[in-house]
Each structure stands twice: as structure tokens, then as C-alpha cells.
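Take a moment to look over the chain before reading on. We will go through its strands and a pair of its helices.

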Amino acid sequence: MGVVETLLNSNPKLYVKSNERIITDAERDEDLVDEFDEREVFDLIRNINDPEHPLTLEELNVVELNNVKVNNEKNEVIVHFTPTIPNCSMATLIGLTIRVQLQRSLPTRFKTKVLITPGTHSTEDAINKQLGDKERVAAATENTALIQTINQCLATVEKYSH
């Protein structure tokens, strides 16, 4: 994927990546029921590539473990993400990419909410409304050019998970 012609944030601040998750013997045991937790969901989204930079969302601090919530009783996953700048034009695309990754990776019983961290974007309410509208999300994922861009952002997830 080519870099966007005019970068809104040409020099983003980089953050240290989290350590890889240590997998216990109990987690490897296929006979035990293992509930989803925040770290497991975070690991699904941390290596998504930013659409503007050859960096992951974790490296840019767009996604953080503390901003992932899992409620197994309600079958709900909530992810807040933080755009690198308050007027980031890629915020909707980033949110959509996170949502697509979760839809592809989590069991269908989970309802996912992807939201901008409160107070971090100038149009967070409008973007949150778009990301919460199932019909708009479904229509967006049927757009060939858009899904190609999303798949390019998700290509790094595949690279890190093997």
C-alpha cells in the first residue's frame, strides 16, 4: 500500500510495543473452556498497520491494552482507539479496520463496539455513529477499494501471528 500523498501527521510519536503474551499450559489445553480476555483481543488488533505509516497501531499508541474491555457474560467486546492527531482523516478507516479484524477473528456470539477514545478527535461522535451502524459497516466492507485497503492494513497482523 502506498503512503498517502499528504501526511497529516508526518512525524508521529512512537511507543514501545508490549511484550508477547506468555501462553500457559492451561491455555494450550484444548479440553478446557478458556474465556476471551482483554489481552487476547488486544493481540488480535495490536499489529494492524496504520494506513498512513509503515507502523502498527500499537507502535503509534492508537490501540492500548487498557482500552480493550471484554465481557464474556454479555458477549461484548469494546475497543477504544486513539487517533494520533485530533483531526486525523484516517480515524474512520482505522476504526473500520479494527472492527473488521474483530469480526473476522472473534466468535459470532460477540457484539463488538469500536469507539474513539473520548476527547481525542474533533469529530468523534460522528465517527462513533458510523462505526456503530451495522448497515454502514456492511456497505463499507462491500466496497472493493475500501476492503483492499483494509486487507492491506491487516496484512501485518498475519505476518506477526505466524
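An axis here is a line fitted to C-alpha atoms, for helices over the stretch in contact, and angles run from 0 to 180 degrees between N-to-C directions. Keep in mind that this is a predicted model.

Start with the helices. Two packed helices are described by the angle between their axes and the distance between the axes. Helix H3 covers residues 91-105, and helix H4 covers residues 124-132. Their axes come within 10 Å and cross at roughly 30°. That makes H3 roughly parallel to H4, because angles under 35 degrees count as roughly parallel. The crossing of H3 past H4 is right-handed.

Which residues of H3 and H4 make the contact? H3 supplies Ala91, Thr92, Gly95, Leu96 and Arg99. H4 supplies Ile127, Gln130, Leu131 and Gly132. By class, the contact of H3 with H4 has four nonpolar, four polar and one charged residues.

Now turn to the strands. Strand S2 spans residues 76-81 and is mostly covered. Five of its six residues are buried.

S2 pairs with strand S1, residues 68-71. The two run antiparallel, joined by four bridges. Lys69 stands opposite Ile78 in S2. S1 and S2 form a hairpin, with four residues between the strands. In this hairpin, Asn75 takes a positive phi near 55°.

S2 also pairs with strand S3, residues 111-116. Here six bridges join the strands, and S2 and S3 run parallel. His80 stands opposite Leu115 in S3.

Technical notes
Residues are numbered from 1 along each chain as its sequence is written. This is a predicted model: local features need pLDDT of at least 70, side-chain atom pairs count only at pLDDT 80 or more; totals for chains, interfaces and linings use all residues. Side-chain values use heavy atoms; hydrogens and water are left out. Angles under 35 degrees count as roughly parallel, over 145 as roughly antiparallel, 65 to 115 as roughly perpendicular and the rest as oblique. A crossing is left-handed if the near helix is turned anticlockwise from the far one by less than a right angle, and right-handed if clockwise. Contact means heavy atoms within 4.5 Å. Ala, Val, Leu, Ile, Met, Phe, Trp, Tyr, Cys and Pro count as nonpolar, Asp, Glu, Lys and Arg as charged, and the others, Gly among them, as polar. Buried means under 20% relative accessible area, exposed over 50%, partly exposed in between (1.4 Å probe, protein chains only). Two strands pair if DSSP finds at least two bridges between them.
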